[in-house]
Amino acid sequence: MTAMSKERDRRRQDPYPSRLPDEHWLPRQDRTVWSQWRPDAPLTAQQADQFDRDGFLILKDIFTAEEVEALKAESAAMRNGERDLMDGSVITEPGSDEVRTIFKLPEQSSLFNRLASDRRVAGIARFLLGDEVYIHQSRLNYKPGFTGKEFYWHSDFETWHAEDGMPRMRAVSASLLLTDNDAMNGPLMLMPGSHKQFIACAGETPDENHKSSLKKQEVGVPSHEALTKLASEHGITAATGKAGTLVLFDCNTIHGSNGNITPFPRSNAFFVFNAVSNRLEEPYGAKKARPDFLAERGEPTPVEIKTGKLA
């Protein structure tokens, strides 16, 4: 069997084909919570059930004020040029030089590296995914006041599957709010229950799509008709909270955010945990894989879970 025929066979067996001529809906074929609840779990039974039902969970008051202040100070230092950052790891706002995203947080900050391995973050991810976990992607997101742009509705898994080669829905995102997020300054919005359907998006993946999609995503997004149906069925929840709030959401939960025209910036530290057994393959809907700052490739290194205060 030739390499081309092997690839065609792999695509035929793909449970989540996307980037095709027409949009279509597919039922989820993977679990959402992969572990049986037990008394020593990092979530309550009610929280685990809520994540399974809604595809996300908002946890408050799990970090101390001192820990949150230390993380905020480190975030500001990284954005303001007080840290030597890796080439290519900084993405700016569309049409300006203001920082939108800084990738590779654990590699560039010892404090964020410690956060990424904390039981209150990585420990929950390991429980939800029922496996050892590694960091698929990490970043510091910043939406400045007045000019912070929106990020359109999408499922992360659709992109990670099509462009990175993530085989199954066995990944979870953890977003720690580093500023107060309210209904006005462009908070994360999620559609509860939307993770139970996969929206296979229409259109081929352009070459080097990540170079534009990191500023404005236009490929791999559901149609207006699909989004209207999802919102009508599931509603929309804004993930608001004080700095220190942790938002966990399944890789297939439909989410997005509005622009920020208030004077108040919005910032968060973001970690994607993937199950070690779900390591990346070749992309299912792109000619070549995205750079490793967007998707950790090769043999994954499991996160070593740590306990105790961050700072």
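**Figure 1. Salt bridges across the predicted model.** A search of the whole structure, which is a predicted model, finds 18 salt bridges. The close-ups below show some of the pairs found, including Arg290 with Asp164 and Asp180 with Lys242.

**Figure 2. Close-up of Arg290 and Asp164.** The side chains of Arg290 and Asp164 form a salt bridge with an N to O distance of 2.8 Å.

**Figure 3. Close-up of Asp180 and Lys242.** The closest N and O atoms of this salt bridge are 3.7 Å apart. Asp180 sits in the loop between β7 (171-177) and β8 (188-190), and Lys242 in the loop between β10 (237-238) and β11 (246-250); the pair therefore ties together parts that are 62 residues apart in sequence. Asp180 has a relative accessible area of 41% and is partly exposed, whereas Lys242 is exposed at 59%.

**Figure 4. Close-up of Glu107 and Lys104.** A salt bridge joins the side chains of Glu107 and Lys104, at 3.7 Å from N to O. Lys104 is buried, with 11% relative accessible area, while Glu107 is partly exposed at 48%.

**Figure 5. Close-up of a salt-bridge network.** Four residues are linked here by salt bridges: Glu67, Arg114, Asp118 and Arg120.

**Figure 6. The protein chain around the close-ups.** The protein chain contains nine helices and 13 strands. Its radius of gyration is 19 Å, close to the 19 Å that the globule rule gives for 311 residues, so the chain is as compact as a globular protein of that length. Along the principal axes, the C-alpha atoms fill a box of roughly 60 × 50 × 40 Å. Of the 311 residues, 55% are buried. The chain exposes about 14100 Å², of which carbon and sulfur atoms supply 50%. Among contacts between residues at least 6 apart in sequence, 86% join residues at least 24 apart.

Notes:
Residues numbered from 1 in each chain as written. Predicted model: local features only at pLDDT ≥ 70, side-chain atom pairs only at ≥ 80, totals over all residues. Heavy atoms only, no water. Helix = DSSP H or I, 4+ residues; strand = E, 2+ residues; numbered from the N terminus. Rg over C-alpha atoms; globule rule 2.2 N^0.38 Å. Buried < 20%, exposed > 50% of the residue type's maximum accessible area, 1.4 Å probe, protein only. Contact = heavy atoms within 4.5 Å. Areas by Shrake-Rupley, 256 points an atom, 1.4 Å probe, with all protein chains shown as cover.
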